[in-house]
Amino acid sequence: MNTTTHPCFNAISQLLPEQIRNIIVFKQHLDDIKESIASSQLQRLNDLISKTPLHLAAFEALQLKLMATLSQNGYSDPAFALQQFIDEHDNASEHLLSLKQSLTEEVTALEKALLVNDLLIRKNHNRIKQ
């Protein structure tokens, strides 16, 4: 099937890289938080933490936009919609599959960064309590 003729192929081709960029920025934000914790820069840490909800909101907004695009085109199962669309409409170059794989890798790295930061914050919080 000629994939680029499907109405949401181009939209998804634009949304996936946007999500990847957003996650990279979010990971950098988490690295900055980690650095602030390590160097005990409390004011900078508080400033960064106050901006975290903005990163989460941007992440969520892009995910909702992707899911809405897929749903409007008949792919409504949140767990499988993107993969189903890719299976049915990606071209021989596997453009969307490659983007999805990159997105998955970035999400995994983001999850690890969130876990590390959570552990560091808890450790420092406990140290301060003592």
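Trainee: How many residues does α4 have, and what does α4 reach from its first C-alpha to its last?

Mentor: The expected span of a helix is 1.5 Å times one less than its number of residues. Here α4 has 35 residues and reaches 51 Å from its first C-alpha to its last, close to the expected 51 Å. For α1, with 30 residues, the reach is 44 Å, close to the 44 Å expected. Helices are DSSP runs of H or I with at least four residues, strands are runs of E with at least two, and both are numbered from the N terminus.

Trainee: What kind of model is this, and how are residues numbered?

Mentor: This is a predicted model, in which local features need pLDDT of at least 70 and side-chain atom pairs count only at pLDDT 80 or more, while totals for chains, interfaces and linings use all residues. Residues are numbered from 1 along each chain as its sequence is written, and side-chain values use heavy atoms, with hydrogens and water left out.

Trainee: How is the packing of two helices described?

Mentor: By two quantities: the angle between the axes and the distance between the axes. Axes are lines fitted to C-alpha atoms, for helices over the stretch in contact, and angles run from 0 to 180 degrees between N-to-C directions. Take α1 (residues 9–38) and α4 (residues 95–129): they pack at an angle of about 20°, with their axes 9 Å apart.

Trainee: Which word describes the orientation of α1 and α4?

Mentor: Angles under 35 degrees count as roughly parallel, over 145 as roughly antiparallel, 65 to 115 as roughly perpendicular, and the rest as oblique. The helices α1 and α4 are therefore roughly parallel to each other. Their crossing is left-handed, a term used if the near helix is turned anticlockwise from the far one by less than a right angle, with right-handed used if clockwise. The contact of α1 with α4 has 22 nonpolar, six polar and four charged residues. In that count, Ala, Val, Leu, Ile, Met, Phe, Trp, Tyr, Cys and Pro are nonpolar, Asp, Glu, Lys and Arg are charged, and the others, Gly among them, are polar.

Trainee: How do the axes of α3 and α4 cross?

Mentor: They come within 9 Å and cross at roughly 155°. That makes α3 and α4 roughly antiparallel to each other. The contact is made by Leu82, Gln83, Phe85 and Ile86 of α3 and by Leu96, Leu97 and Lys100 of α4. By class, this contact has five nonpolar, one polar and one charged residues.

Trainee: What does Leu97 touch?

Mentor: Contact means heavy atoms within 4.5 Å. Leaving aside neighbours within four places in sequence, Leu97 is in contact with Gln83, Ile86 and Asp90. Leu97 and Ile86 are eleven residues apart in sequence and 6.4 Å apart in space, C-alpha to C-alpha.

Trainee: At what angle do the axes of α1 and α3 cross?

Mentor: At roughly 125°, with the axes coming within 12 Å. The two helices α1 and α3 are therefore oblique to each other. Here too the handedness can be read: α1 passes α3 in a left-handed crossing. Phe9, Ile12 and Leu16 in α1 meet Leu82, Phe85 and His89 in α3. The residues of this contact divide into five nonpolar, one polar and no charged.

Trainee: Which residues of α4 are buried?

Mentor: Buried means under 20% relative accessible area, exposed over 50%, and partly exposed in between, with a 1.4 Å probe and protein chains only. In α4, Leu96, Leu99, Leu103, Glu106, Leu110, Ala113, Asn117 and Asn124 are buried. The buried residues of α4 pack against α1, α2 (42–72) and α3 (81–89).

Trainee: What about Pro17 and Lys100?

Mentor: Pro17, in helix α1, is 83 residues from Lys100 in sequence and 9.0 Å from it in space, C-alpha to C-alpha. With neighbours within four places in sequence left aside, Pro17 is in contact with Ile12 and Leu99.
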